Amino acid sequence: MLKIVKTSIAIAATSLFMSGAAQADVAEALQNICTIVKADDKGELRKKMKRVQSDYRLKLQDYYSGISCGGNSLIRTAMLSDAVEAGTLLVKKMPKSDLSTPEQDGKTVIAWATENGLNASPIMNVLNDRI
C-alpha cells in the first residue's frame, strides 16, 4: 500500500513539473511573435505558428487571447502597424466565431477598429469578408 502512495506522489509531482516546464517553453516559443507581426513578416509568422502547433499541439485560437502586444491583441497590433500580410494571415487562421468574440477590453476587433478610425484598413476588409 505504501508503495502505491509513493508512486502516486511521484507521478503527480512529475506531471506538475512537466506541465510548468511546457508552459514556460510555449511562452519562450511565442516570445517574439509581436515583433514578427509588427514587422509584417508573414513567412516568419507562419513558421512560428507551425512550430508551436507541431511542438506543443496548439493552434492559434489556443494561445491568441493570452498574447498581448502593448495591451493589444495580435490582429489589433497588425492593424496599428499596417502589417497587412501578417494581419490577413491571422484573420484567416482564426475561427470565425472567435473573430466576433469580445476581447479582454470587452470590444470586438471590428468595434475597436471603428472606434480607432481603422475602418479602411485592408485587414478590416478581410475581417468583414470572413465574418
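This passage describes the fold, the surface and two residues of a predicted model.

The protein chain has 131 residues. Its secondary structure consists of 9 helices and 0 strands. Read from the N terminus, the elements follow the order α-α-α-α-α-α-α-α-α. Contacts across the sequence were also counted. Of those between residues at least 6 apart in sequence, 65% link residues at least 24 apart.

Burial and surface were computed next. Buried residues account for 31% of the chain. The accessible surface of the protein chain is about 8,000 Å². Carbon and sulfur atoms contribute 54% of that surface.

A patch of positive charge lies on the surface. Arg46, Lys50, Lys59 and Lys93 gather there. One of these residues, Lys50, sits in helix H3, which spans residues 42-56. Lys50 has a relative accessible area of 55%. Exposed means over 50%, so Lys50 counts as exposed.

Arg76 presents another case. Arg76 belongs to helix H5, which covers residues 74-80. The relative accessibility of Arg76 is 3%. The cut-off for a buried residue is under 20%, and Arg76 therefore counts as buried.

Conventions: Residues numbered from 1 in each chain as written. Predicted model: local features only at pLDDT ≥ 70, side-chain atom pairs only at ≥ 80, totals over all residues. Heavy atoms only, no water. Patch = residues over 30% accessible without salt bridge, like charges linked within 9 Å, V, L, I, M, F, W, Y side chains within 5 Å. Areas by Shrake-Rupley, 256 points an atom, 1.4 Å probe, with all protein chains shown as cover. Salt bridge = Lys/Arg side-chain N within 4 Å of Asp/Glu carboxyl O. Lys, Arg positive; Asp, Glu negative; His and termini not counted. Charge placed at Lys NZ, Arg CZ, Asp CG, Glu CD. Helix = DSSP H or I, 4+ residues; strand = E, 2+ residues; numbered from the N terminus. Buried < 20%, exposed > 50% of the residue type's maximum accessible area, 1.4 Å probe, protein only. Contact = heavy atoms within 4.5 Å.
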